[in-house]
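Welcome! Here is a short briefing for anyone meeting this structure for the first time. Please take a look at it before reading on.

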Amino acid sequence: MFNRKIEKEIMEETNCPIFGSLEAGQILPNYKIGKESVDPRVAYQLVKDQLVDEGNARQNLATFCQTYMEPEAEQLMAETFEKNAIDKSEYPQTAKLESSCVNMIADLWNASEDEKFMGTSTVGSSEGCMLGGMAMKFRWRNLAEKRGLDIQAQKPNLVISSGFQVCWEKFCVYWDIEMREVPMDEEHLSINLDKVMDYVDEYTIGIVGILGITYTGKFDDIAALDTLVESYNQINEHQLVIHVDAASGGMFVPFVNPELAWDFRLKNVVSINTSGHKYGLVYPGVGWILWRDEEYLPKELVFDVSYLGGHMPTMAINFSRSASQIIGQYYNFLRFGFEGYRKIHTRTKEAALYLAKVVEETGLFEIYNDGGNLPIVCYKLKEKASVEWNLYDLADRLQMKGWQVPAYPLPEEMNNVIIQRYVCRADFGQSMAEEFASDLNESIHDLNNAHILFHKEEANKTQGFTH
């Protein structure tokens with residue numbers, strides 16, 4: 001009798017309509033875990049509903065991060081969520097796939113057969129930047145001590161364009177490094193090659209070149225930077241090195257502009273990081289870092305860990321994490337091949353060039369990037385544009401149509417310049433580009449005829465800006 005009563009209660013609970021359930025009439029817990037369990041159907045729907053007003057990720061033109069993968073890739077990743085990427089001995093085939101990805105990326109970046117490249121997956125390119133910076137610091141310290149330099153006399157420093165991504169500021173704070181920013185200006189929206197060497201001294205651990213500045217998508221001229229560094233190294237005992245932050249460009253340029261020399265073809269480029277979850281076309285968050293030779297990764301940064309019955313070398317900051325993104329990266333390499341990536345990225349670039357033309361035809365904007373390098377379009381309002389609205393108003397108007405478009409000031413030296421940016425990703429097809437262009441022109445028309453403007457006074461702020 002007791003069991004039948006319980007069975008009846010369970011059946012009633014299971015058959016209860018989701019929005020007729022007790023939980024549907026309550027506020028979701030924020031501060032304390034609930035006392036009772038919740039039916040999985042109800043829990044699923046309530047959490048999904050909690051996220052409903054975040055907007056459509058496919059319409060998010062602020063983020064570089066991938067928002068679409070093929071169903072087969074999603075299934076494969078879902079089936080491997082439980083695999084721990086750090087357990088090399090427990091999941092040797094997963095470790096083999098990671099190693100294969102490193103090998104393929106090394107080939108894309110023209111690693112030399114005469115050197116012993118090393119690399120690893122990371123949690124996004126930010127961890128890759130941290131590891132690259134740490135390697136430069138430790139190598140600089142070891143060599144400086146051999147030269148007899150007093151390494152306590154002043155902080156070591158890192159030289160980088162002021163258009164850096166925030167992970168580099170974090171690195172310098174966390175590891176007690178002086179960040180020396182080479183200022184951007186209207187004539188130098190990438191690293192200023194006329195001034196960069198003025199920031200270098202014996203305490204410089206390295207220079208960071210950026211292949212895809214977050215603000216504008218522009219490239220630092222890594223080849224010209226390499227020439228400057230080589231000239232310095234020819235006459236100084238202190239040997240400078242270059243780390244390339246290719247978070248955005250590292251998985252794009254090799255397929256679309258393979259002739260561009262920015263990678264390990266350049267003598268003084270010793271390490272490169274990239275984001276697999278940007279133009280590597282994997283969901284967040286996977287990144288990669290490679291060193292051109294084991295010489296540039298100090299041995300004290302590689303740990304041999306006895307874990308779960310096996311020994312494994314690890315050079316990561318993070319430890320346990322799912323291997324599913326690594327497997328997703330390998331799937332993409334296998335699925336698309338070189339030609340597939342080239343076709344996808346070329347089409348994405350064409351969408352960006354189309355949008356840049358649409359923006360230019362309005363006559364209202366000065367374009368900083370037309371998608372000619374990375375598929376990114378950014379612009380500012382012309383000083384003589386006779387409109388009462390600003391880019392924040394335009395961002396608001398586009399958001400009414402579902403589009404998330406950032407407006408934000410450039411770095412400190414140019415923070416009086418407000419720009420807007422569109423990131424075109426692989427899932428942004430020509431049909432979507434046409435729809436966005438129509439919505440853009442309609443939004444401009446609506447603003448020109450609006451009676452109320454909410455950003456009447458100019459303010460330097462960030463709206464919808466995502467690294």
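Where does glycine 285 lie? Glycine 285 sits in the loop between E6 and E7, and several other points below return to that loop. This is a predicted model, in which local features need pLDDT of at least 70 and side-chain atom pairs count only at pLDDT 80 or more, while totals for chains, interfaces and linings use all residues. Residues are numbered from 1 along each chain as its sequence is written, and side-chain values use heavy atoms, with hydrogens and water left out.

**Terms to keep at hand**

- Helices (H or I, at least four residues) and strands (E, at least two) are DSSP runs, numbered from the N terminus.
- Buried stands for under 20% relative accessible area, exposed for over 50%, and partly exposed for what lies in between (1.4 Å probe, protein chains only).

**Domains**

- The protein divides into domain 1 (4–43), domain 2 (75–334) and domain 3 (347–449), with bounds that come from an automatic or database domain assignment.
- Taken over C-alpha atoms, the centres of domain 1 and domain 2 are 49 Å apart.

**The loop between E6 and E7**

- Lysine 278 is placed in the loop between strand E6 (269–275) and strand E7 (287–291).
- UniProt, in an unreviewed entry, lists Lys278 for "modified residue: N6-(pyridoxal phosphate)lysine"; UniProt positions are given in the numbering used here, feature names are shortened, and annotations may be inferred rather than shown by experiment.
- Lysine 278 counts as buried, at 8% relative accessibility.
- Leucine 281 also has its place in the loop between E6 and E7, and leucine 281 is buried because its relative accessible area is 4%.
- The phi of leucine 281 is near 70°, a positive value in a residue other than glycine.
- Proline 284 and glycine 285 are joined by a cis peptide bond, with omega about 0°.
- As background, most residues other than glycine have a negative phi, and most peptide bonds are trans.

**Another positive phi**

- Asparagine 110 is not a glycine, yet it has a positive phi of about 60°.
- Asparagine 110 lies in the loop between H4 and strand E1 (118–122).
- With a relative accessible area of 32%, asparagine 110 is partly exposed.

**Cysteines**

- How many disulfides are there? The count comes to zero disulfides, where a disulfide is a pair of cysteine sulfur atoms within 2.5 Å.
- Cysteine 167 is in no disulfide, and the nearest cysteine sulfur, that of cysteine 129, is 3.6 Å away.
- Cysteine 167 is buried, at a relative accessible area of 3%.
- Cysteine 378 is in no disulfide either; its nearest cysteine sulfur belongs to cysteine 424, 12 Å away.
- Cysteine 378 is buried too, with a relative accessible area of 0%.

**The largest pocket**

- A pocket is found on a 1 Å grid over the protein atoms alone, as an open set of points where a 1.4 Å probe fits, with protein on both sides within 12 Å along at least five of seven lines; lining residues have an atom within 4 Å of a point.
- The largest pocket has a volume of about 460 Å³, a volume being the space filled by probe spheres set on the grid points, which are joined across faces, edges and corners.
- Of the 21 residues lining the largest pocket, Glu23, Gln26, Glu36, Ser37 and Val38 are the closest to its centre.
- Helix H2 (residues 40–50) gives the most to this lining, with five residues.
- The lining residues divide into eleven nonpolar, four polar and six charged; Ala, Val, Leu, Ile, Met, Phe, Trp, Tyr, Cys and Pro count as nonpolar, Asp, Glu, Lys and Arg as charged, and the others, Gly among them, as polar.

**Buried residues in helices**

- Valine 102 belongs to helix H4 (residues 92–108) and counts as buried at 7% relative accessibility.
- The C-alpha atoms of valine 102 and tyrosine 330 are separated by 9.9 Å, although the two residues are 228 residues apart along the chain.
- Aspartate 439 is in helix H11 (residues 430–448) and is buried, with a relative accessible area of 14%.
- From C-alpha to C-alpha, aspartate 439 and tryptophan 403 are 8.9 Å apart in space, and they are 36 residues apart in sequence.
- Helix H9 (residues 324–361) holds alanine 351, which is buried at a relative accessible area of 1%.
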